[in-house]
Amino acid sequence: MSSTTADPLAALGALPGVADSVEAMRTAVDRVYGHRVMRRRSNEITSEAALRGARGSAALAGADWALEEVRRRSDFGAEGESRTVGAALRLTAEAGQLLSVWRQSPLRVLARLHLVAAGGAQPDDTVGRPRLAGEAVDEPLIRLPLPDADEVAGRLDGLARLLLAGTSAPALVTAAVVHGELLALRPFGSFNQLVARAAERIVLIDSGLDPKSICPAEVGHAELGREAYLTALDGYVSGAPEGVAAWIAHCGKAVELGVRESTAVCEALQRGAA
């Protein structure tokens, strides 16, 4: 992602079709925030959204467990799908605690997210820092050329500067760019997908669009499916305006589907069924 404009994120917001995606997403978010259950039981909606968001993020990373299995388990191993689900749950719990740090140092937050995701499963000095030259990346589901360590460092620094400079771009655009850049770069040796989706969540919360974290985009990304996710990501990485716009629209649709999930939870609580 690059641009010579003073506010490159705002320039992306002006791409054809992006305004429609932003408006559709905002309408959906406003609707769930206006639900009568939110006035009395918003903490329950937040907790349920976190659980379902973690399940969705883990599913995209290859651990597609049933929601009730995620809900009932308290033990998560250090290998395989169990490791992935545990990492997703830890990240979702941590994301809301990092807002003040995010506003000052996004790179510190990304390092913290990777540390949380690893959860002691990688007791070495690769955890919690961007990879160095020659270090491998365990991210087999992302089918993109892997940038070298120098490019990763430069683009991470550029992304951080962009975020700290502020933007008039809609929250969806900023969240989609953060998400897309982290997937394209895969700056860590592992868990890059989970970290990227947690960072997207942080942007949506921090922007004020979803302050109670009840709109789990991860649910929507999982529902749209891995192939659609990877195809949209290819468009972002291409740098072509239509490809970037398609990625932003994909992320907007994911938020809308997350809203639909939380709306269903609100309706169930209203009926006394949950």
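## A walk through an all-helix model

The protein chain holds 13 helices and zero strands. The model is predicted. Read along the sequence, the pattern is α-α-α-α-α-α-α-α-α-α-α-α-α. The radius of gyration is 18 Å, close to the 19 Å that the globule rule gives for 274 residues, so the chain is as compact as a globular protein of that length. Along the principal axes, the C-alpha atoms fill a box of roughly 55 × 45 × 35 Å.

Now the chain as a whole. Of its 274 residues, 53% are buried. Take the contacts between residues at least 6 apart in sequence: 73% of them join residues at least 24 apart. The protein chain exposes about 12,000 Å². Carbon and sulfur atoms supply 51% of that area. Charge comes next. There are 29 positive and 34 negative side chains. The centres of the two sets lie 7 Å apart.

Begin the residue tour in helix α3, which spans residues 38-60. E48 sits there. Is E48 buried or exposed? Its relative accessibility is 14%, and the cut-off for buried is under 20%, so E48 counts as buried. Leave aside the neighbours within four places in sequence, and E48 is in contact with L67, R71 and V265.

D150 gives a contrasting case. This residue lies in helix α8, residues 149-165. Its relative accessible area is 67%; exposed means over 50%, so D150 is exposed. D150 can also be placed against E23. The two are 127 residues apart in sequence. In space they are 37 Å apart, C-alpha to C-alpha.

Most residues other than glycine have a negative phi. F191 is not a glycine, yet it has a positive phi of about 60°. Where is F191? It is in the loop between α9 (171-185) and α10 (192-206). F191 is buried, with a relative accessible area of 9%. S213 is also a non-glycine residue with a positive phi, here about 55°. It lies in the loop between α10 and α11, and α11 covers 217-224. S213 is buried, at a relative accessible area of 12%.

Move on into helix α11, where G220 lies. G220 has a relative accessible area of 0%, so it is buried. What does G220 touch, leaving aside its neighbours within four places in sequence? The contacts are A254, L257 and G258. Look at G258 in particular. G220 and G258 are 38 residues apart along the chain. Their C-alpha atoms are separated by 5.1 Å.

The last stop is the aromatic residues. A pair of aromatic rings is described by the distance of the centres and the angle of the planes. How many aromatic pairs does a search of the whole structure find? It finds three. One of them joins Y229 and W247. Their ring centres are 5.9 Å apart and their planes meet at 55°, so the pair is tilted. Stacked would need planes under 30 degrees apart, and edge-to-face over 60. The pair links distant parts of the chain.

Y229, Y236 and W247 form one aromatic cluster.

Key. Residues are numbered from 1 along each chain as its sequence is written. This is a predicted model: local features need pLDDT of at least 70, side-chain atom pairs count only at pLDDT 80 or more; totals for chains, interfaces and linings use all residues. Side-chain values use heavy atoms; hydrogens and water are left out. Helices (H or I, at least four residues) and strands (E, at least two) are DSSP runs, numbered from the N terminus. The radius of gyration is taken over C-alpha atoms; the globule rule is 2.2 Å times the number of residues to the power 0.38. Buried means under 20% relative accessible area, exposed over 50%, partly exposed in between (1.4 Å probe, protein chains only). Contact means heavy atoms within 4.5 Å. Accessible areas come from the Shrake-Rupley method with a 1.4 Å probe; for residues, only the protein chains shown count as cover. Lys and Arg count as positive and Asp and Glu as negative; His and the chain ends are not counted. The place of a charge is taken as NZ of Lys, CZ of Arg, CG of Asp or CD of Glu. Rings of Phe, Tyr and Trp (its six-membered ring) pair if their centres lie within 6.5 Å; planes under 30 degrees apart count as stacked, over 60 as edge-to-face and the rest as tilted.
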